[in-house]
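Subject: Handover of a structure and notes on it

Dear colleague,

Please find below the structure that I am handing over to you.

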Amino acid sequence: MSQSQNIQGRTDPSLDVAPTPQNTPLDTGVLQNRPANIGQPTVETLAEGEESEEDGEDVGGANPASLLAKNPALLALAQSKLGDLIGQSSGYIESLPPAVRRRIDGLKGVQVEHSKVESEFQMAILELEKKFLAKFAPLYERRQDIITGKAEPTEAEIEAGKASDSDDESDEEEGAKVEEIKEGDADAEIKGIPEFWLTALKNHVPISETITDGDEEALKLLTDIKLSYLEDGQPGFKLHFIFSPNEFFEDTELTKTYYYQEQVGYGGDFVYDKAVGHEIKWKEDKDLTKKVEIKKQRNKTTGRTRVIRKVVPTESFFNFFKPPQPPTPETLESSDVDEDELEELDARLETDYQIGEDFKEKIIPRAVDYFTGKALRYEDDYDEELEEDFEDEDFDEDDDEDDEGGAGGADAAAANPDCKQQ
């Protein structure tokens, strides 16, 4: 599915003109994201042949990019000018003979029919997803029974699970530990797999960043996360979070629904439209999305003090059920619109949408892999995070030669044993 395409519903007719060798290039590198409302800059001028004080080079032969980098005012002016030209036609299409332009219009008509087939294709995929969700349902029910302790896995299921991790030494060691615990008496009263979903969610980096200590107490009582699709052909899906009775809220099921636009986007995928959350019925003084700030105020005249209690929003996983809403067309057309606020809203909508997709595409289908951490090896940013753990160091060539084969080299080898990359 398309992640952020048309996420605000804003379109620019000028972008319909495809770039050609005669059109303005769409990519201007560092000259994008121009600041708004830039006044006329004052640019320091240098006479032809005059040398720069910094590098002593002839300015007449200087790199234009270097000049822009050294002069913010000139860079801002260039951004302002080029920003307005991105995607604009140079007049090439308009200059073609009428007969050729008619053929181009005909090709656009063919493309319209192609878009209709793309929509049919996506709807067919959606129907296929619904069909296979029904096939997955018994497996998800079996998983829930084992997690909650309603049933024990069969020997065949256990052996199949071990076989799937036969190439992973760490998983084999973990399996041995599990067997050892099962043979003892200490686990006689343990039911199912405690804190299964909390552990799985904490192993998903974007979600774990939203979970607070208070949230953990509530999420320990999360017994299942389910997926369903919308009725009447409406493209979208719903997430169901099932909880045991708890001290935090009256609900035993929290839902969140994601809607797609009925027409597919330019790339042929469904486009995110909006999300509808769940109004949680919090028990008294148990709302995890709010906190109470207590302040003392002193009366300047009487000297008496009073305590002010103020309820303010706070970080919480359960804010997931109060999703941000896309801006209305009226807001986008308003002259008072704040571009910074719109960009911030775009980012929040993007994050909310992506987490919803991750629940649908990753966490629900492969919950056990997130519980064990195996799924982390397949995350796009996993290798990047490993790279960030190491820093490049500059070695003196002479020192390196002295250490080679000596005590220093031995110590370095001992401190940095070979790692097995997963």
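Which residues make a nonpolar surface patch of about 380 Å²? The patch is made by L128, F132, F136 and L139. Patches consist of residues with over 30% relative accessible area and no salt bridge, where like charges are joined within 9 Å and nonpolar side chains (Val, Leu, Ile, Met, Phe, Trp, Tyr) within 5 Å. Accessible areas come from the Shrake-Rupley method with a 1.4 Å probe, and for residues only the protein chains shown count as cover. F132 is partly exposed, with a relative accessible area of 35%. Here, buried means under 20% relative accessible area, exposed means over 50%, and partly exposed is in between (1.4 Å probe, protein chains only). Helices (H or I, at least four residues) and strands (E, at least two) are DSSP runs, numbered from the N terminus.

Please note that this is a predicted model, in which local features need pLDDT of at least 70 and side-chain atom pairs count only at pLDDT 80 or more, while totals for chains, interfaces and linings use all residues. Residues are numbered from 1 along each chain as its sequence is written, and side-chain values use heavy atoms, with hydrogens and water left out.

The sheet and its helix

Four strands form an open sheet in the order β1-β2-β3-β4, with antiparallel pairing. β1 (222-229) and β4 (272-276) stand at the edges with a single partner strand each, so one side of each has no neighbour in the sheet. On average, neighbouring strands of this sheet are turned by 15° against each other, direction ignored. Two strands pair if DSSP finds at least two bridges between them. β1 and β2 (residues 236-243) run antiparallel and are joined by seven bridges. Within this pairing, the partner of D224 in β2 is I242, and that of I225 is F241. Helix α11 (residues 339-363) packs on the sheet, where it touches β1, β2, β3 (253-260) and β4, and its direction makes about 70° with that of β2. Contact means heavy atoms within 4.5 Å; axes are lines fitted to C-alpha atoms, for helices over the stretch in contact, and angles run from 0 to 180 degrees between N-to-C directions. β1 is mostly covered, as six of its eight residues are buried.

Hairpins and positive phi values

The hairpin of β1 and β2 has six residues between the strands, and D232 there takes a positive phi near 60°. A further hairpin is formed by β5 and β6, also with six residues between the strands, and in it G303 takes a positive phi near 80°. Nine bridges join β5 to β6 (residues 305-313), and these strands run antiparallel. K295 has I308 as its bridge partner in β6. D285 has a positive phi of about 60° although it is not a glycine. D285 is placed in the loop between β4 and β5 (290-298), and it counts as exposed at 73% relative accessibility.

A buried alanine

Is A218 buried or exposed? With 1% relative accessibility, A218 counts as buried. A218 is found in helix α9 (residues 213-219). Not counting residues up to four places away in sequence, A218 touches F243, F248, L288 and F318.

Salt bridges

How many salt bridges does the structure hold? There are 13, a salt bridge being a side-chain nitrogen of Lys or Arg within 4 Å of a carboxyl oxygen of Asp or Glu. One of them joins the side chains of E216 and K202 (3.0 Å, N to O). E216 lies in helix α9 and K202 in helix α7, so the pair ties together parts that are 14 residues apart in sequence. Another salt bridge is formed by D352 and K256 (2.3 Å, N to O). This pair links distant parts of the chain, with D352 in helix α11 and K256 in strand β3, 96 residues apart. D352 counts as buried at 8% relative accessibility, and K256 counts as buried at 0%. D358 and K362 also meet in a salt bridge (3.9 Å, N to O). These two residues are four residues apart in helix α11 and are separated by about one helical turn. Finally, E129, K360 and E361 are linked in a network of salt bridges.

Yours sincerely
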